[in-house]
Amino acid sequence: MQIPGHLAIALAQSRLPPFRSSRRRLFLLLLASLFPDIVDKTIGYVFQAMPNGRHYAHNLFSLIGLSLLVTLIGGKAAGYAWFSGYLGHLLADNIQRVPWFFPLKKYRFNKGRLAFEPAQLLREGFFLALVLLLNHLPNQR
Ligand SMILES: [Zn+2]
């Protein structure tokens, strides 16, 4: 999944009660939804220190460790927002392979390249626009 899809999922999550009332939690949710790609694609494709863009930040240990760190710094609500955004990212990426137990389990990292597929971007852009539209509708209670 690419940036528009990850943002769409995080914005859909933002409709849930814990995130609706706080801009700070919404910011953490959105940041966490992009964080694994910001870290791993920078390491993999910019610095070329790994063969692809899913490794150090795309695993269970980063999810839990960084969520605990955010909780220690910002409190339980901030940690929950971070955890939710980060988990949403990993689950969305799980359509393709996610190295959930790296570095404890060995994975063969195939050489990848940073590519933006226009059709995929269009689908995710449509998904993002739909979520933005739904987020601006009044709550139906
Ligand atoms: Zn990713």
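The following dialogue explains how to read several features of this predicted model.

Trainee: Where does helix α3 bend, and by how much?

Mentor: Helices (H or I, at least four residues) and strands (E, at least two) are DSSP runs, numbered from the N terminus. The bend at a residue is the angle between axes fitted to the seven residues ending there and the seven starting there. Helix α3 covers residues 23–46 and bends by about 40° at L34. A proline, P36, follows within four residues.

Trainee: Which residues of α3 are buried?

Mentor: A residue is buried if 20 or more other C-beta atoms lie within 10 Å of its own, exposed if 12 or fewer, and partly exposed in between, with C-beta atoms placed from the backbone. An α-helix has 3.6 residues a turn, so residues three or four places apart point the same way. In α3, the buried residues are R25, L28, L29, A32, S33, F35, P36, D37, D40 and G44. They pack against α1 (3–13), α2 (17–20), α4 (60–74) and α5 (76–93).

Trainee: How is the packing of α3 and α5 described?

Mentor: Two packed helices are described by the angle between their axes and the distance between the axes. Axes are lines fitted to C-alpha atoms, for helices over the stretch in contact, and angles run from 0 to 180 degrees between N-to-C directions. For α3 and α5 the angle is about 35°, and the axes are 7 Å apart. The contact involves R24, R25, L28, L29, L30, L31, A32, S33, F35 and P36 of α3, together with A77, A78, A81, W82, S84, G85, Y86, G88, H89 and L90 of α5. Two residues are in contact if their C-beta atoms, placed from the backbone, lie within 7 Å.

Trainee: How do the residues of this contact divide by type?

Mentor: Ala, Val, Leu, Ile, Met, Phe, Trp, Tyr, Cys and Pro count as nonpolar, Asp, Glu, Lys and Arg as charged, and the others, Gly among them, as polar. The contact of α3 with α5 has 13 nonpolar, five polar and two charged residues.

Trainee: Which residues touch the most other members of the largest nonpolar core?

Mentor: A nonpolar core is a set of buried Ala, Val, Leu, Ile, Met, Phe, Trp, Tyr and Cys residues joined through C-beta atoms within 7 Å. The largest one has 19 residues, and L28, L29, A32, A81, W82 and Y86 touch the most other members. At least two residues of this core come from each of α1, α3, α4 and α5. Not counting residues up to four places away in sequence, L28 touches V70, A78, A81, W82 and G85.

Trainee: Why does Q48 count as exposed, and what is its phi?

Mentor: Q48 lies in the loop between α3 and α4. Q48 counts as exposed because it has 8 C-beta neighbours inside 10 Å. Its phi is positive, about 50°, although Q48 is not a glycine.

Trainee: What can be read in the loop between α5 and α6?

Mentor: P103 lies in this loop, and a cis peptide bond, with omega about 10°, joins F102 and P103. Y107 is also in the loop between α5 and α6. Y107 is partly exposed because it has 15 C-beta neighbours inside 10 Å. Leaving aside neighbours within four places in sequence, Y107 is in contact with P99 and F102. Y107 and H55 are 52 residues apart in sequence, yet 9.1 Å apart in space, C-alpha to C-alpha.

Technical notes:
Residues numbered from 1 in each chain as written. Predicted model: local features only at pLDDT ≥ 70, side-chain atom pairs only at ≥ 80, totals over all residues.
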